[in-house]
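Try each task before you read its solution.

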Amino acid sequence: QLQLVESGGGLVQAGGSLRLSCAVSGSIFSIDYMGWYRQAPGKQRELVARITSDGTTNYGDSVKDRFTISRDTAKNTVNLQMNSLKPEDTAVYYCNARIRVVSFRTNDYSGQGTQVTVSA
């Protein structure tokens, strides 16, 4: 069964850094895109960053110039380097991917989420 396996996250002080990783577990044809969303208590889910199959990236306005998304296509993995973290970055971060198990069909997958807590 196809899964997104997340790692990283945790507790860090403001101004610090964390790195999140997400790997696709299972057999696939290709990946259209992978990325991260986050949701803080009482707030709507928001896009953090996404990278497409051609390497195009886009970021949420609140994380531009602080976060960097990258991918390892050989390992079907995406990484999110988070620098200059702020308390408002505290949230559960979810890996998300649109994957083709076969060439003509796409499905969206999400990970279970990993907690990121930034203390003031």
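## Exercise 1: An alanine in a loop

Keep in mind that this is a predicted model. Ala74 has a relative accessibility of 73%, so it counts as exposed.

**Task.** Work out where Ala74 sits in the chain, and how far its C-alpha atom is from that of Arg50.

**Solution.** 
- Start with the secondary structure: Ala74 belongs to the loop between β7 (67-72) and β8.
- Next, check the accessibility. The cut-off for exposed is over 50%, and Ala74 comes in at 73%.
- Finally, pick out Arg50, which is 24 residues away from Ala74 along the chain. Their C-alpha atoms are 18 Å apart.

## Exercise 2: Another alanine, in a strand

**Task.** Decide whether Ala49 is buried or exposed, and list the residues it touches beyond its sequence neighbors.

**Solution.** 
- Find the element: Ala49 is part of strand β5, which runs over residues 46-52.
- Look at the accessible area. Buried means under 20%; Ala49 has a relative value of 0%, so it is buried.
- Now collect the contacts, skipping anything up to four places away in sequence: Ala49 touches Gly35, Trp36, Asn58, Tyr59, Ile69 and Leu80.
- For one more distance, take Arg38, 11 residues from Ala49 along the chain: the two C-alpha atoms are separated by 9.7 Å.

## Exercise 3: An acidic residue in a loop

**Solution.** 
- Asp89 is in contact with Arg38, Arg66, Phe67, Ser84, Val116 and Val118.

## Exercise 4: The disulfide

**Task.** Say which cysteines are joined by a disulfide, and work out the handedness of the bond.

**Solution.** 
- Count: the structure has 1 disulfide.
- Identify the pair: Cys22 is bonded to Cys95, with an S to S distance of 2.0 Å.
- Cys22 is in strand β3 (residues 18-25) and Cys95 is in strand β9 (residues 91-102), so the bond ties together parts that are 73 residues apart in sequence.
- Read the torsion: about the S-S bond of Cys22 and Cys95 it is about -85°, so the disulfide is left-handed.

## Exercise 5: The whole chain

**Task.** Describe the protein chain's secondary structure, and compare its radius of gyration with that of a compact globule.

**Solution.** 
- Tally the elements: the protein chain has 11 strands and 0 helices, which gives the pattern β-β-β-β-β-β-β-β-β-β-β along the sequence.
- Compare sizes. For 120 residues, a compact globule would have a radius of gyration near 14 Å, and the protein chain has 14 Å, so the two agree.
- Turn to burial and surface. Of the 120 residues, 38% are buried; the chain exposes about 6600 Å², with 44% of that area supplied by carbon and sulfur atoms.
- Look at the contacts with a separation of 6 or more: 53% of them involve residues 24 or more positions apart.
- Finish with charge: the 13 positive and 10 negative charges have mean positions 3 Å apart.

Definitions and conventions: Residues are numbered from 1 along each chain as its sequence is written. This is a predicted model: local features need pLDDT of at least 70, side-chain atom pairs count only at pLDDT 80 or more; totals for chains, interfaces and linings use all residues. Side-chain values use heavy atoms; hydrogens and water are left out. Helices (H or I, at least four residues) and strands (E, at least two) are DSSP runs, numbered from the N terminus. The radius of gyration is taken over C-alpha atoms; the globule rule is 2.2 Å times the number of residues to the power 0.38. Buried means under 20% relative accessible area, exposed over 50%, partly exposed in between (1.4 Å probe, protein chains only). Contact means heavy atoms within 4.5 Å. Accessible areas come from the Shrake-Rupley method with a 1.4 Å probe; for residues, only the protein chains shown count as cover. Lys and Arg count as positive and Asp and Glu as negative; His and the chain ends are not counted. The place of a charge is taken as NZ of Lys, CZ of Arg, CG of Asp or CD of Glu. A disulfide is a pair of cysteine sulfur atoms within 2.5 Å.
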